[in-house]
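Hello,

Here is the structure I promised to pass on to you. Please have a look at it first, and then read on for what turned up in it.

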Amino acid sequence: MSTANGKPDRTLVVLLSVIGALVVIALVVVFTGGEPEQLDADTPEGLVQDYSAAVIDGDEQAAGAYLTEDAFNGCEDFDRGPTDNMRVTLVSTTERAESADVKVSIVTSYGSGPFGVDEYETQGVFDLVAVDGTWLIDDAPYELNICPNPKAGS
């Protein structure tokens with residue numbers, strides 16, 4: 001580690017500095033890379049992202065704010081199943097002047113089996129409409145459909 005005159009070997013110092021920098025970069029990537037990109041809430045994709053997050057978090061009243069009045073008509077409370085191991089991924093968006101379709105992939109994980117985590121994947125479509133310049137969900141996939149009391153929290 002030291003040369004004959006007592007000074008540290010320059011190559012070793014550079015090598016240890018490079019390794020230290022790589023460790024710091026790896027830690028930054030690990031701790032910041034897991035969060036999905038937050039989309040603009042004024043877009044169909046951003047609205048679906050916010051709604052899905054509220055449903056997965058169990059905040060049906062917040063999720064209800066993203067729904068049209070028609071979405072509440074004929075709404076019956078049902079057992080949707082657990083959402084704590086659910087992942088929603090954007091597949092595609094078709095946007096028109098007054099409506100939009102946002103297609104998503106919904107993956108639900110169930111424990112772990114002898115070959116790894118058991119997962120069930122489906123694709124669903126959110127039907128959105130523009131109401132007074134704001135996007136609202138008119139229909140959601142079954143796995144993310146809610147039936148909150150529209151009067152609660154008012």
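Of the 154 residues of this protein, 25% count as buried. Please keep in mind that this is a predicted model.

The protein has 4 helices and 4 strands. Starting at the N terminus, their order is α-α-α-α-β-β-β-β.

Let me start with a pair of strands. Strand β3 covers residues 116–131 and strand β4 covers residues 134–139; the two run antiparallel and are joined by 5 bridges. Within this pairing, valine 129 of the chain has leucine 136 in β4 standing opposite. The hairpin that β3 and β4 make has 2 residues between the strands, and aspartate 132 there adopts a positive phi near 50°.

Is aspartate 138 buried, exposed or partly exposed? Its relative accessible area is 30%, so aspartate 138 counts as partly exposed.

Next, the salt bridges. How many are there? The count comes to 2.

One of them brings together the side chains of arginine 87 and glutamate 119, at 3.9 Å from N to O. This pair links distant parts of the chain: arginine 87 sits in strand β1 (residues 86–95) and glutamate 119 in strand β3, 32 residues apart. Arginine 87 has a relative accessible area of 42%, so it is partly exposed.

Another salt bridge is formed by the side chains of arginine 96 and aspartate 101, with 3.0 Å from N to O. For arginine 96 the relative accessible area is 37%, which means that this residue is partly exposed. Aspartate 101 has a relative accessibility of 24% and therefore also counts as partly exposed, since buried would mean under 20%.

After that, the salt bridge of arginine 87 and glutamate 119 will take you from strand β1 to strand β3.

Key
Residues are numbered from 1 along each chain as its sequence is written. This is a predicted model: local features need pLDDT of at least 70, side-chain atom pairs count only at pLDDT 80 or more; totals for chains, interfaces and linings use all residues. Side-chain values use heavy atoms; hydrogens and water are left out. Two strands pair if DSSP finds at least two bridges between them. Buried means under 20% relative accessible area, exposed over 50%, partly exposed in between (1.4 Å probe, protein chains only). A salt bridge is a side-chain nitrogen of Lys or Arg within 4 Å of a carboxyl oxygen of Asp or Glu.
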